[in-house]
Amino acid sequence: MSRRWVRWMPAAAMPAVVAGIVLAAPLKAAAPPELPAKTAAQLLDMVAASHATAFSGTVNQTVDLGLPQLPDGAMGSGESSGSPSAGVAPSAGSGGGSSDSSNVLSPANIASLVSALTTPHTARVYVAGATKVRIQVLDRLAERDFIRNGDIAWSYDSASDAVNRWELPQKTAATEPAPEAPVQTPADLAAKLLKNVDPSTQVAVGDNTRVAGRDAYVLDLTPRVSGTLVGRISVAVDAETGLALKFTVESRQSGRTAFEVGFSQISLQAPAASVFAFTPPAGATVTQHSLPAKPAATGPHATTPDGTGPSAEPPNTAKPGITGTGWAAIVESPAGTVPASLAANPALGMLLHQVSGGQALETTLFSILVTPDGRALAGAVPLASLQAAAATK
Amino acid sequence: MSPNDPVPAPPGPKFRPSTGPLLRSELAIMFRRRRTWAMLLALAAIPVLIAIAVKLESKDNHGSGPAFLDRITQNGLFVVLTAMVLCVPVFLPLTVGVAAGDTIAGEANMGTLRYLLAAPAGRFRLLAVKYLGAAAFCAAATAAVVLAGTIVGLILFPVGPVPLLSGTTVNGWEAEGRILMVGAYVVLSLLGFAAIGLFISTLTDMPVGAMAATVVMAIASQVLGALPQLSWLHPWLFTHYWMGFADLLRDPIVWGSFGSNALLQLGYIAVFGALAYGRFATKDVLS
C-alpha cells in the first residue's frame, strides 16, 4: 500500500515546487536597498536635474477609483475612439489646483474616459530627449501609438486604422511630449507635480524601494489641507539618475492606491532613431491637425492637452473658473458648456448618478458634478464641496 | 492489478529507447482515425469560410467584427489572424479537449488499456507518450488553421506589405514569418490545457465525460478571466495569455507575454502531469 503513496509523491511535490518558486521570487526583491541618506530638498533637486533624457521601458498604469468594474471588452470600441488623457488630469493636475474638467466631459471622449477610469493599461515608452517620444499603448489585439518626432506628432490606432498628424509650432519643448497620449510616464507626471509644490504640501522622504530592478528613493507628498480626497502622492526616484520611476496616488477616503503609473522594466540606453520614424500604413485614414503656438505667459497649465484637439476648442471653455487653492481647488466651467444630451450617454450613465444639484461622478480620488444648467465642476475634493460650490453661484 | 515498473520515474522528458516505437504507433493510430481528420478539416474550414464570406460581402466596414476582419480585403494574410482570433478561445480548445480527454479514458473504454500496460512500457512512459500525442494534435490543429488560412488568403485576396499593430509596414515574407510565430505561440498556449485534459482522462473510463470536462475547464477559465473582480487570479489562469499572440504583431515584438506564457504552461504541465501520473500509476486498470 505504501507504493501507492510513493506514486502520488510527484503530484504532491510539484504544486509545492511551483508555489515555492512563485513565492520566492518576490521575497528576494522585498528587502529595501541601502542608499546614502538624502533630504527631501536634495531629492527634489535631483528630480529637477535628472539627466536621464533617453530611455525606453514598459509602463503599467492601474486605476482603482472605487468605480464599478466592467467585464473586459464591455466597452467595445470605446478603447479606440479618442483620448482618455483627460482621465488622469484630475490627479495629475491636482497639485496645481487645475484640471480640464470641461474637456473631460466632451462627448467624444466619454467611452474612452470610462475605459481609462476602470481598466489598467500597459504601454511601452521610448524617449530620446524632449522632442522624441513614442508611447505604444498595448491593448488587447490592438495598439495605439503616440509619436512625437521633432515638430511632427502622430497618433495611430490599429483598431480603426486611423492616423492623426500634428504639425507642432516651433520651440514646443514645453508642450506635451506626445499629444493625446492616454498614458504618461511617471517622469512626466512627477515633473508636473513637483513644479507646483508649495507650502500646502508636506514633502518627506519615504522608505527606499526597488522599481523595475533599480534602487530608488521615495518622495512622499502629503497635502496639509483636509478638504481634499488625495491622501498622499509617492514618487519613486531612481537613485542613480533622478528619473521618476513610479508615481502613486493614494486616496484619503479608501486609504488605498487609487492611481499608479510605474515602470515594470526600463533601459537607460538611447532608443534607436527608427523607433520615432513613422510612416502611415497604406490604406489608413490620415487626419491633419496643426497646433497653434500658445503664449507661454499663462502658466504651466496652458499646455495641458485638450481632449478635443486644441484647434476645436470652444472659446467659452478656455477659461474655467477656479475656486479654492492648492489641493482643494475646484474647477468650474461656465453654464452651457455641458450639453444636456450628455447624461443620456449610456457609457457615462453607468458612472454618473443623480444627486441633489445635478449628476455626479464620485471616485475615491476626485469628484465631478454636472449641474442642470450645464455647468461642470471638478476637483480632488468630496462631492459635498462641489455641491456647496455649485450652490453659491 | 498492481503496476510493475520498479521506481516511479520523476515526471519529465525521460525516455528509454523503446519509447520511440510506442510514440510512433500512438501518432499513427491518432492520425489514422477519421475523427482526427474530421476535426482538422473542421478547423481548416474556419478560415476558408471567413475568407469566402468577406469576399462575397466585401463592403468596407472599418472597426466592426472580430479583430483584423476589416483588413482582409486589403491583405490576404489577415485571414489567418482573423481565424486565430476566433479559433483560440473556442474551436481549438474544443478539438484539443476531445483529443486530450480521450487519451487514457478512450483506451480504458475500448478495453485496450490493459494490453498497452501488458507491454513492457511502464505507466509513466505510456502517459508521456499519450501526452506527446495530444501535444502533436495541438500542433496539427494549429497548423490546419494556419495552412488553410494562408492558402485561401493567397487565392482570394491580394497579398503585399502588411501593416503591423504599431503602424509599421513589413513585407509579405516577414509577415508570414510573424504568422508562423503566432502559430508557435498558439501551440504553446494549448500545451497546459492538454495536460489538464490528460489528467481528467485518467480520472474516468468514460471518454465523453473526460472530453466534456476538459472543454468546460477552458470555458470556465475564460469566464473567470473576463471578471475584473478576480483580477488577482487572472495571471494564474491557463487561458490568461491565449490572446497574447497579438504581441508578436507589434514592432518591436513584445516578447514578455511569450515568456510568461511559456512559464505558465510549463507550470500547468508540471502540476497536472504529476497529478495525472499519481492517479494513473495508482489506478486499478480493470478494462
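Analyst: Let's start with the core itself. The largest nonpolar core holds 100 residues, and those with the most contacts inside it are B:Met84, B:Val96, B:Cys138, B:Val145, B:Ala194, B:Ala195 and B:Phe272. A nonpolar core here is a set of buried Ala, Val, Leu, Ile, Met, Phe, Trp, Tyr and Cys residues joined through C-beta atoms within 7 Å. Buried means that 20 or more other C-beta atoms lie within 10 Å of a residue's own; exposed means 12 or fewer, partly exposed is in between, and the C-beta atoms are placed from the backbone.

Which helices supply at least two residues each? They are helix 1 (2–30) of chain A together with helix 2 (34–56), helix 3 (78–110), helix 4 (113–118), helix 5 (123–156), helix 6 (172–203), helix 7 (207–225) and helix 8 (256–281) of chain B. Helix 5 of chain B gives the largest share, 17 residues. Helices (H or I, at least four residues) and strands (E, at least two) are DSSP runs, numbered from the N terminus.

A word on the ground rules: this is a predicted model, where local features need pLDDT of at least 70, side-chain atom pairs count only at pLDDT 80 or more, and totals for chains, interfaces and linings use all residues. Residues are numbered from 1 along each chain as its sequence is written, while chains are lettered from A and ligands numbered from 1 in the order in which they are written.

Zoom in on B:Ala195. Leaving aside neighbours within four places in sequence, B:Ala195 is in contact with B:Tyr131, B:Tyr268, B:Ile269, B:Phe272 and B:Gly273; a contact is two residues whose C-beta atoms, placed from the backbone, lie within 7 Å. There's also a second, separate core of 81 residues, and that one includes A:Phe146, A:Val183, A:Val249 and A:Phe263.

Now step back to chain B. It has 8 helices and 2 strands, and from the N terminus on the elements run α-α-α-α-α-β-β-α-α-α. Of the 287 residues in chain B, 52% are buried. Among contacts in chain B with a separation of 6 or more, 78% are between residues 24 or more positions apart.

Most residues other than glycine have a negative phi, and most peptide bonds are trans. B:Asp251 and B:Pro252, though, are joined by a cis peptide bond, with omega about -5 degrees, and B:Pro252 is found in the loop between helix 7 and helix 8 of chain B. B:Phe68 isn't a glycine, yet its phi is positive, near 75 degrees. You'll find B:Phe68 in the loop between helix 2 and helix 3 of chain B, and B:Phe68 counts as buried because it has 25 C-beta neighbours inside 10 Å.

Finally, where the chains meet, the contact takes 30 residues from chain B and 32 residues from chain A. Helix 8 of chain B provides the largest share of the chain B side, 8 residues. The residues on that side of chain B divide into 19 nonpolar, 10 polar and 1 charged.

Key. Nonpolar A, V, L, I, M, F, W, Y, C, P; charged D, E, K, R; others polar.
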